[in-house]
Each structure stands twice: as structure tokens, then as C-alpha cells.
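Please keep the model in view while reading.

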Amino acid sequence: MEKIIERLKGIFPEAAHPRIFLVGGAVRDILLGQESTDIDLAASLTTEEFVALGFHLVEGRSTASIWHRHVEGFGIIEVTPLPDAADLADDLRRRDFTINAMAMTLAGSVIDPLDGRGDLEQKRLMACSRLTFVDDPLRVFRAFRFAADGWQVAPECLELLRQSDWNRELASIPVERFSREMLKALEKPEPGRFFQLMLETDAGQGYLPELFRMPHVPAGPLEHHPEGDLFTHSIQVLQRVSSSPAIHPTCRVSRAAG
């Protein structure tokens, strides 16, 4: 944490430090003691300040615009612009999950309006609000990806996932964004949870329509396949492949896809 903050202090002028905050997954990873390769910030800097510091504006079609810069030996820095430093709390409440809704000042203080730290300690996935998935339906698959990494989806969060038909909203989301979440899930300890939750919530038929037919297809003769259906059989195979230490992660993905 100290190395990251000291490096950031060197990138930004001292006068800007009170207006710059580490946010999202970077704070989560720091508190978990994990390495974070991509640094997410929120900052109330002017356009002129961003440009002078070598940042480039990336305007998203289905996501908010961000300022982007790659720092040699440090990684990618993405900055969400804030109208004012006082708007930070509102920005955090608009994020996906409470564990990603924490911020850290360059002085090392944690800002946690939704008790994300408590959920972090319990490894519990809790939505920031009832509009979490409405605001960005792709967060549905992000929740599934966290579940594949061993996070327990809170009952309140699971209810939000189950209460709507997401397929209409997801129709406008590029398949590449779905694929990124799926591929990340395939590298996690329990990749089958990603696909199980897709079935449980009936989300993603436009991306993997075959998946939703698999529970109705026999895996083979019952004497050889007591698990019954093709979906259960495939999840069992996927779990065995993912837990095998002899298989390289890239091979896991290709085998699972096949």
C-alpha cells in the first residue's frame, strides 16, 4: 500500500493530492493484501490538469468516460473524474458492490460509506443499492464472477438478481464485455458457479443459448452418467479441470470452452 501511494504522490503534484482518491478494486486488493496491477482513481481535476499530466480521455459507449494513462513500471491508471471532491461519496454509492465502494486518500485513510470493509471480512458480495444491476446490467455477470472466486452472494443481492428478466437489458451489451467476465471466471477456483448462477437467474440466453438447453439433455446412459443431465456433467468436468494443478490456466480455458 505504501509503495502504491508513494508512487502516486510522485505522479501527481502535491497541490492535487487532497483531490485524488484510490477507489474500487485497488482499495479492495490493498485491504486483502493482494497485488493490484491496474490502479483506479477518482479525482476532481480539471481537463487542463489531466492533459498536462499525460492522461487521455476515453469516452465509453456503454460505460462512463474515464481518463487513462500507462505508467512504465507501474501499470495502467484509470481516473473517474469528479466535479468536486465532495462528490466522492455519491460516486462510491453508484458503484457495483460494497467491497468496491471504498476509497483511500493519498494520506492512507479509508473512506467507507457502505461498510464494504465488513463485507470484505466476511467475503460477502452485497450490492450498493437496489439499482446496482439496473444501472449496468453487466454487473449481473460480475456478481457471478465473484461467486466463482469464492465470494458468498448475500441473500439481498441474490434477490435483486432474480427479480428481473435481464435478457432484454443485456441485449445492448457487447458480447466482448460478457466474454471478459466469463474468461475471468474460468480462472477462478469455482468456475462452475458462474454458469450455475446464469441458469438460476435466467440471465445470458443471448450469449450462451445452448447453456440453457443443457439441463434437458441426458449426459448419456444412466449406468455411466448417474449425474443425469449434460449441464451437471459439464460442470463436474469443469470443476475437475480447474482444480487440477497439472493444467496450465490457459489450457483450462480452452478445455472448458471445448
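## Charges over rings

A charge sits over a ring if NZ of Lys or CZ of Arg is within 6 Å of the ring centre and within 35 degrees of the ring normal. The model examined here is predicted. In it, Arg145 places its charged end over the ring of Phe146, 5.2 Å from the centre. Arg69 does likewise with Phe55: its charged end sits over that ring, 6.0 Å from the centre.

## Aromatic pairs

The whole structure holds 15 aromatic pairs. One of them joins Phe97 and Phe146, with ring centres 5.8 Å apart and planes at 75°, so this pair is edge-to-face. Phe97 belongs to the loop between helix H4 (88-93) and strand S6 (103-105), and Phe146 to helix H7 (residues 139-148), so the pair ties together parts 49 residues apart in sequence. Both Phe97 and Phe146 are buried.

Phe144 and Phe194 have ring centres 6.0 Å apart and planes at 85°, so they too pair edge-to-face. Phe144 lies in helix H7 and Phe194 in helix H11, 50 residues apart; the pair links distant parts of the chain. Both Phe144 and Phe194 are buried. Ring pairs also connect Phe144 and Phe194 with Phe141, Phe178, Phe195 and Tyr207 in a cluster.

## H11 against H12

Helix H11 (residues 192-201) packs with helix H12 (residues 230-242) at about 155°, their axes 9 Å apart. Angles over 145 degrees count as roughly antiparallel, so H11 is roughly antiparallel to H12.

H11 makes the contact through Gly192, Phe195, Gln196 and Leu199; H12 uses Phe231, Ile235, Leu238 and Gln239. By class, the contact has five nonpolar residues, three polar and no charged ones.

Definitions and conventions:
Residues numbered from 1 in each chain as written. Predicted model: local features only at pLDDT ≥ 70, side-chain atom pairs only at ≥ 80, totals over all residues. Heavy atoms only, no water. Axes fitted to C-alpha atoms, helices over the stretch in contact; angles between N-to-C directions. Helix = DSSP H or I, 4+ residues; strand = E, 2+ residues; numbered from the N terminus. Parallel < 35°, antiparallel > 145°, perpendicular 65-115°, else oblique. Contact = heavy atoms within 4.5 Å. Nonpolar A, V, L, I, M, F, W, Y, C, P; charged D, E, K, R; others polar. Phe/Tyr/Trp six-rings, centres within 6.5 Å; stacked < 30°, edge-to-face > 60°. Buried < 20%, exposed > 50% of the residue type's maximum accessible area, 1.4 Å probe, protein only.
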